[in-house]
Amino acid sequence: DGLRVSHPPSRTGSAEDAPPPPAVRECVSVLFADIVGFTTLSGAMDAARVAGLLRRLFAAFDALALRHGVQPVDVIGDAYL
């Protein structure tokens, strides 16, 4: 069996915002990257530095994903999926 990839439902509910139909993939890999010690680290930094750090880190992950033709799924706090 292939893995079914689905997208969350549209918040507006309109037909034009409907997600594409699920895709079937025979082989997938998932990377879950989380910053160890982020709570302590971010507590010692001002908000602008924390935001800048996360922006640079996630931009680097996005660039790697684009280069390797993979689909980023989500960002959850300081974690990248």
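This is a predicted model: local features need pLDDT of at least 70, side-chain atom pairs count only at pLDDT 80 or more; totals for chains, interfaces and linings use all residues.
At the start of α2, a side-chain oxygen of Asp-46 comes to within 3.1 Å of the backbone nitrogen of Ala-48. Just after the helix, Gly-69 adopts a positive phi of about 65°.

**Buried face and packing partners of α2.** Val-50, Gly-52, Leu-54, Phe-58 and Ala-65 are the buried residues of α2, and these residues pack against α1 (38–43), β4 and β5 (79–80).

**The largest nonpolar core.** Nine residues make up this core, namely Ala-33, Ile-35, Phe-38, Met-45, Val-50, Leu-54, Phe-58, Ala-65 and Tyr-80. Helix α2 (residues 47–68) supplies the largest share of the core, with four residues. When residues up to four places away in sequence are not counted, Phe-38 touches Val-50, Leu-54 and Asp-78.

**Aromatic residues.** The structure contains two aromatic pairs, and Phe-58, Phe-61 and Tyr-80 form one aromatic cluster. Of these, Phe-58 and Tyr-80 also belong to the largest nonpolar core.

**The loop around Gln-71.** Gln-71 is located in the loop between α2 and β4 (75–76). Because its relative accessible area is 66%, Gln-71 counts as exposed, for which the cut-off is over 50%. The C-alpha atoms of Gln-71 and Val-30 are separated by 9.8 Å, although the two residues are 41 residues apart along the chain.

Note on methods. Residues are numbered from 1 along each chain as its sequence is written. Side-chain values use heavy atoms; hydrogens and water are left out. Rings of Phe, Tyr and Trp (its six-membered ring) pair if their centres lie within 6.5 Å; planes under 30 degrees apart count as stacked, over 60 as edge-to-face and the rest as tilted. A nonpolar core is a set of buried Ala, Val, Leu, Ile, Met, Phe, Trp, Tyr and Cys residues joined through side-chain atoms within 4.5 Å. Buried means under 20% relative accessible area, exposed over 50%, partly exposed in between (1.4 Å probe, protein chains only). Helices (H or I, at least four residues) and strands (E, at least two) are DSSP runs, numbered from the N terminus. Contact means heavy atoms within 4.5 Å. A polar contact is a pair of N or O atoms within 3.5 Å; within protein, one must be able to donate a hydrogen and the other to accept it, and residues adjacent in sequence count only if both atoms are side-chain atoms.
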